[in-house]
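Q: I would like to learn how to read helix packing and salt bridges in a model. Can you take me through them?

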Amino acid sequence: MKKFNVWMLASSMVMSGMTLVSCNKVDKEATAADHVKVEQFLKQAATTDNFQLMAGMMAEDQSEKGSVGALGQKIYHVHSRTTPVLAEIAKKKDVQLPAQMGSEKKALVDSLENKKGEEFDQTFANLEVEAHEEAIAFYEKADKEVNDPDVQQFIDQILPVLKEHLAEAQELKNAVAQVDKTSKP
């Protein structure tokens, strides 16, 4: 009986050792998967920031309506403050952020570049609504999927601001559309 108990204890220890190794492997895989999610979030958030910085500057320079320029200035101001925070988180997480905004966002900036006045105002308002809807969906998805506390804190701080900007962009889009309707014969 004594030999059986020793064998059971030894067998139990071996089995639990295997379990620990197995759990350790799972932990490493989970950590790697989390890092990929963090990296994807940071890169996409940086791309969004770069786009908003450019669009905000252009709105100040090329808009006809003061409200378009004001929203552009506000957007620029916020994203000029979030960009260094993203860079700091990325450095801490050993993630290289893109220097450019990506071809899709660059095409949107290019579409704004040659527009002035009323045409710029309409395009800017439409793009800002679309860009903020996209950004909010992206941040909300990341909020559910990314477990990193630094990223979670960043999301908690910026998501309400993005929602505020969306509401302002929607108001601006409606105001610009009303002006357009009244100015056409």
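A: First, the ground rules. This is a predicted model: local features need pLDDT of at least 70, side-chain atom pairs count only at pLDDT 80 or more, and totals for chains, interfaces and linings use all residues. Residues are numbered from 1 along each chain as its sequence is written, and side-chain values use heavy atoms, with hydrogens and water left out.

Q: At what angle do helix H3 and helix H4 pack, and how far apart are their axes?
A: Helices (H or I, at least four residues) are DSSP runs, numbered from the N terminus. Axes are lines fitted to C-alpha atoms over the stretch in contact, and angles run from 0 to 180 degrees between N-to-C directions. Here H3 (residues 103-113) and H4 (residues 117-145) pack at about 160 degrees, axes 10 Å apart. The pair is therefore roughly antiparallel, a label for angles over 145 degrees.

Q: Which residues of H3 and H4 make the contact?
A: Contact means heavy atoms within 4.5 Å. H3 brings Glu 104, Lys 105, Leu 108, Ser 111 and Leu 112. H4 brings Phe 120, Thr 123, Phe 124, Leu 127 and Glu 134.

Q: How many salt bridges does the structure hold?
A: Side chains of opposite charge can pair when their charged atoms come close. The criterion is a side-chain nitrogen of Lys or Arg within 4 Å of a carboxyl oxygen of Asp or Glu. The structure holds nine.

Q: Which residue forms a salt bridge with Lys 105?
A: Glu 134, at 2.8 Å from N to O. Lys 105 sits in H3 and Glu 134 in H4, so the bridge ties together parts 29 residues apart in sequence.

Q: Is Lys 105 buried or exposed?
A: Read relative accessible area: buried is under 20%, exposed over 50%, partly exposed in between (1.4 Å probe, protein chains only). Lys 105 is buried at 6%.

Q: How many residues apart are Asp 110 and Lys 106 in helix H3?
A: Four, which puts about one helical turn between them. Their side chains meet in a salt bridge at 2.8 Å, N to O. Asp 110 is partly exposed at 31%, and Lys 106 is partly exposed at 41%.

Q: What is the distance between the closest N and O atoms of Glu 140 and Lys 163?
A: It is 3.2 Å, in a salt bridge. This pair links distant parts of the chain, with Glu 140 in H4 and Lys 163 in H5 (residues 149-183), 23 residues apart.

Note on methods
Helix = DSSP H or I, 4+ residues; strand = E, 2+ residues; numbered from the N terminus. Parallel < 35°, antiparallel > 145°, perpendicular 65-115°, else oblique.
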